[in-house]
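Student: Can we go through this one together? I'd like to start with the helices and then jump around.

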Amino acid sequence: MDAISVIRTKRDRGELTPEQIDWVIDAYTRGEVADEQMSALAMAILLNGMNRTEIARWTAAMIASGERMNFDSLSRPTTDKHSTGGVGDKITLPLAPLVAACGAAVPQLSGRGLGHTGGTLDKLESIPGWRAHLTGAEMLDVLDTTGAVICAAGDGLAPADKKLYALRDVTGTVEAIPLIASSIMSKKIAEGTGALVLDVKVGSGAFMKTLDDARELASTMVALGTDSGVRTVALLTDMSTPLGLTAGNALEVRESVEVLAGGGPKDVVDLTLALAREMLDAAGLKDADPEKALQDGSAMDVWRRMISAQGGDPDAALPVAREQHVIRASSSGILTRLDAYDIGVAAWRLGAGRARKEDPVQAGAGIELHAKPGDVITDGQPLLTLHTDTPEKFDYALKALPDAYDIEPAGTAYTATPVVRERIA
């Protein structure tokens, strides 16, 4: 077996054999296949695709490159959620303790932000003392004692994916649906959860800009999960507008705590509850009432225990950026559009995100939204507040925002896009 023959097969639109897939993933993980060769194969996959058999075998080979977790010792059924990433997507923060409060165990392995999309671990690290990195034993202990854990994946989990993900990021092959699907599902299947709900974002602020692409990705991932014995369902959710009223790390933690306290923006609450019901149903807990758990404080209790168990102080003041800049409406009317991508880019430029994985982030940086599409706007009222510790970043962030929103004359018809657009099972 050699890398060139594998590359040529896919270059010429052939189907990779199971033996070719097993060999190339193993050899790349061990360093026998060079980055340049895997880059060529990734581009061939982007251009020519993979069928269901190939994607399933590719996913299995990445799982086999490392260890698999096991939660059989837990007394609760396990269920997890994965989001494909967006702007203001803080849903994991209230969702994990909410589902745990309803009787499931939630082993949530999360990641960091890159570019315009935020990362769950970056958000939680704005809480003083909170630790993202846990040993396997620590993770199991937090899960057993609190019902939920949100942490970084260990190095032993699908190491082939970790190496390939970094390569895709610098070779223009991130958008390849077979590689996105196998990347996500290899980690989630290796994680060992019994049920999985996928939140596949669609819109300007998502990696999938169209419903057709989002459907293809969701269907591919649902099939991979189902074929591997994991009860899997996907929701296609809107990412044309940022979720909630904040984009940024500490800002989003603060908003998540508001949701857990029984308040928070309607779109965040609605999506949190929709995903919670799917997770609980997949875990066999159909009679659980997540809305009640938000209102009676039980979800907040799990949040506090979970944060404390990972070294965080749930009562500590969250970081606040030193500088603010307010953008005001230049006319009156109805806000009909607020672009998620533009808001995400501006938040990233303020210091809330990173261009490279090794870049630091500012805990207090980000953007507050003072209105959402459909709201009536008055000339001069605040629309956005930009937050950063480094005011020299304001000019660069503002360059992302001139076309970020539309204000139409009063009386203009506006129809809201539902937060959950489709369900795929």
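Below, we talk through some helices, sheets and cores of this predicted model.

Student: Let's start with helix H12. How far apart are its end C-alpha atoms?
Tutor: They are 24 Å apart. H12 covers residues 266–282, which makes 17 residues. At 1.5 Å a residue it should span 24 Å, so the two values agree.

Student: Is H12 mostly covered or mostly open?
Tutor: Mostly covered. Of its 17 residues, 13 are buried.

Student: And what comes just after H12?
Tutor: Gly284 does, with a positive phi of about 85°.

Student: Switching to cores. Which residues touch the most other members in the largest nonpolar core?
Tutor: Trp303, Ile343, Ile367, Leu384 and Leu386 do, in a core of 75 residues. H12 gives the most to this core, with nine residues.

Student: What does Ile343 touch?
Tutor: Leaving out residues up to four places away in sequence, its contacts include Val87, Pro242, Ile367 and Leu401.

Student: What about a second core?
Tutor: There is a separate one of 59 residues. Among them are Ile21, Ile180, Ala190 and Ala214.

Student: Sheets now. What is the strand order in the sheet of four?
Tutor: S6-S9-S11-S7, an open sheet with antiparallel pairing. S6 (246–248) and S7 (323–328) stand at the edges. Each has a single partner strand, so one side of each has no neighbour in the sheet. From one strand to the next, the twist averages 15°.

Student: How many bridges join S6 to S9?
Tutor: Three, and the two strands run antiparallel. Gly248 has Gly366 in S9 as its bridge partner.

Student: Which helices lie across that sheet?
Tutor: Helix H11 (residues 249–260) lies across S6, S9 and S11, at about 135° to S6. Helix H15 (residues 340–352) also lies across S6, S9 and S11, at about 135° to S9.

Student: And the sheet of three strands?
Tutor: Its order is S10-S8-S12, open and antiparallel. Four bridges join S8 to S12. Leu335 has Ile407 in S12 as its bridge partner.

Student: Last topic, Thr92. Buried or exposed?
Tutor: Buried. Its relative accessibility is 6%, and buried means under 20%. Thr92 is found in helix H5 (residues 92–101).

Student: What does its side chain make a polar contact with?
Tutor: The side chain of Lys81, at 2.8 Å. Setting aside neighbours within four places in sequence, Thr92 is also in contact with residues including Gln108, Ser110, Thr120 and Ile150.

Methods:
Residues are numbered from 1 along each chain as its sequence is written. This is a predicted model: local features need pLDDT of at least 70, side-chain atom pairs count only at pLDDT 80 or more; totals for chains, interfaces and linings use all residues. Side-chain values use heavy atoms; hydrogens and water are left out. The expected span of a helix is 1.5 Å times one less than its number of residues. Buried means under 20% relative accessible area, exposed over 50%, partly exposed in between (1.4 Å probe, protein chains only). Two strands pair if DSSP finds at least two bridges between them. A nonpolar core is a set of buried Ala, Val, Leu, Ile, Met, Phe, Trp, Tyr and Cys residues joined through side-chain atoms within 4.5 Å. Contact means heavy atoms within 4.5 Å. A polar contact is a pair of N or O atoms within 3.5 Å; within protein, one must be able to donate a hydrogen and the other to accept it, and residues adjacent in sequence count only if both atoms are side-chain atoms. Axes are lines fitted to C-alpha atoms, for helices over the stretch in contact, and angles run from 0 to 180 degrees between N-to-C directions.
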